[in-house]
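Okay, thanks for coming, everyone.

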Amino acid sequence: MAKILYGHTFATSESIRDDFVSSIFATDIEKLRSLIQRNQSRFLSLEQSLSKTKPDKDDLILTLDDGYASVYTYVLPLLEKYQVPCILFLTTDFLNGKTAYEIRLANFIANKQEIILTGQKKIDISNRIAKVDTYEKIRGLLKPWSSQKRNYYLQRIFSMNNYNEMTKKQNYYLSWGQAKELANHPLISIGGHTCSHITLRNKFSLSAYREVRDSKIELENNLSIPVTLFSYPYGGNNFITRRYLAATGYEYAFTTKQREVLSWQKEDLFQIPRFDIDKIV
Ligand SMILES: [Zn+2]
């Protein structure tokens, strides 16, 4: 069996304690360190695991989604120290300077003590519980929307609350230069993760096809490597999007279905299951 793990961003325990945005999104880097230390020899690359006809009970494959800068800062030194391979799935818009709506929303909530969402009613978000609760409610509302609609909503509530996100602008993601360095690293493989981090679960659409194709082309052009691995944002996929991936030249695609790979021969290589690293560490 092989257990494939997926994570996103990492931070120190101090930052997770003191910074609201880190507390929402980041995994404690010390937890990853201890997971790797305890299981160093079990971590394999996808190729190593695939080359076994039957994966051993204990194979682990590390994958990280989105392209956070913390992969370069915190994770890379661990991979090098313990010689652990990793697949990095990059969302091209994030490397081009855009920020995920979840992070923009969390930053807004972090920086406010009270907010207005509709009408004049003020919502007290001065304590952490209220902040998390408000964040989760708005995130849930925006999640099924298109990126244009999410943008419109965020800009509207930001201006209603006199919040200028540009003054708090922080770069959460890798630069193309860092991505190139990682792409050339012997321990790291690069995969696609769409252009704008949309869910591909929805029915046939030209924009889904473009997201799959254009992100692959951009990664291959900017990093000068072939890109045949993919992970679905939020795990979402369907028959049509799996066909898009195959037609575009992808060979392996990873979901967020939480189960082990029992045998690569019996596995649908466009629906490879993975475990959330936060539930493992
Ligand atoms: Zn993602």
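Let's start with strand S8: Ile-188, Ile-190 and Gly-192 point one way, Ser-189 and Gly-191 point the other way, and all of them are buried. S8 covers residues 188-192, and five of its five residues are buried, so the strand is largely enclosed by the rest of the structure. Before I go further, keep in mind that this is a predicted model.

Who pairs with S8? Strand S5, residues 86-90, pairs with S8 in the parallel sense, over five bridges.

Now over to strand S1, residues 2-7. How many of its residues are buried? Six of its six, so to speak a mostly covered strand. Both faces of S1 are covered: you've got Ala-2, Ile-4 and Tyr-6 buried on one side, and Lys-3, Leu-5 and Gly-7 buried on the other.

Strand S4, residues 59-66, runs parallel to S1, and six bridges join the two. Here the pair to click on is Ala-2, which stands opposite Asp-59 in S4. S1 also pairs with strand S11, residues 275-276, again in the parallel sense, over two bridges. In that pairing, Leu-5 stands opposite Phe-275.

Let's stay on Phe-275 for a moment. Leaving out anything up to four places away in sequence, Phe-275 touches Lys-3, Ile-4, Leu-5, Gln-258 and Ile-280. And here's one for the distance tool: Phe-275 and Arg-42 sit 233 residues apart in sequence but 15 Å apart in space, C-alpha to C-alpha.

On to helices. Take H3, residues 29-39, and H5, residues 69-82: their axes come within 11 Å and cross at roughly 15 degrees. With that angle, H3 is roughly parallel to H5. The crossing of H3 and H5 is right-handed. On the H3 side you'll find Ile-29, Leu-32, Arg-33 and Ile-36, meeting Tyr-74, Val-75, Leu-78 and Tyr-82 in H5. By type, that contact comes out as seven nonpolar, no polar and one charged.

Then there's H11, residues 206-223, against H12, residues 239-248. They pack at an angle of about 30 degrees, with axes 10 Å apart, and H11 and H12 are therefore roughly parallel to each other. The crossing of H11 and H12 is right-handed. From H11, the contact takes Ala-208, Tyr-209, Val-212, Arg-213 and Lys-216, and from H12, Thr-241, Tyr-244, Leu-245 and Thr-248.

Last stop, helix H7, residues 101-110, which is mostly covered, with seven of its 10 residues buried. Those are Tyr-101, Arg-104, Leu-105, Ala-106, Asn-107, Phe-108 and Ile-109. And what do the buried residues of H7 pack against? Three helices to bring up on screen: H2 at 20-25, H8 at 128-142 and H9 at 147-160.

That's my tour, so over to you.

Key. Residues numbered from 1 in each chain as written. Predicted model: local features only at pLDDT ≥ 70, side-chain atom pairs only at ≥ 80, totals over all residues. Axes fitted to C-alpha atoms, helices over the stretch in contact; angles between N-to-C directions. Helix = DSSP H or I, 4+ residues; strand = E, 2+ residues; numbered from the N terminus. Parallel < 35°, antiparallel > 145°, perpendicular 65-115°, else oblique. Left-handed = near helix turned anticlockwise from the far one by under 90°. Contact = placed C-beta atoms within 7 Å. Buried ≥ 20, exposed ≤ 12 C-beta atoms within 10 Å, placed from the backbone. Pairing = 2+ DSSP bridges. Nonpolar A, V, L, I, M, F, W, Y, C, P; charged D, E, K, R; others polar.
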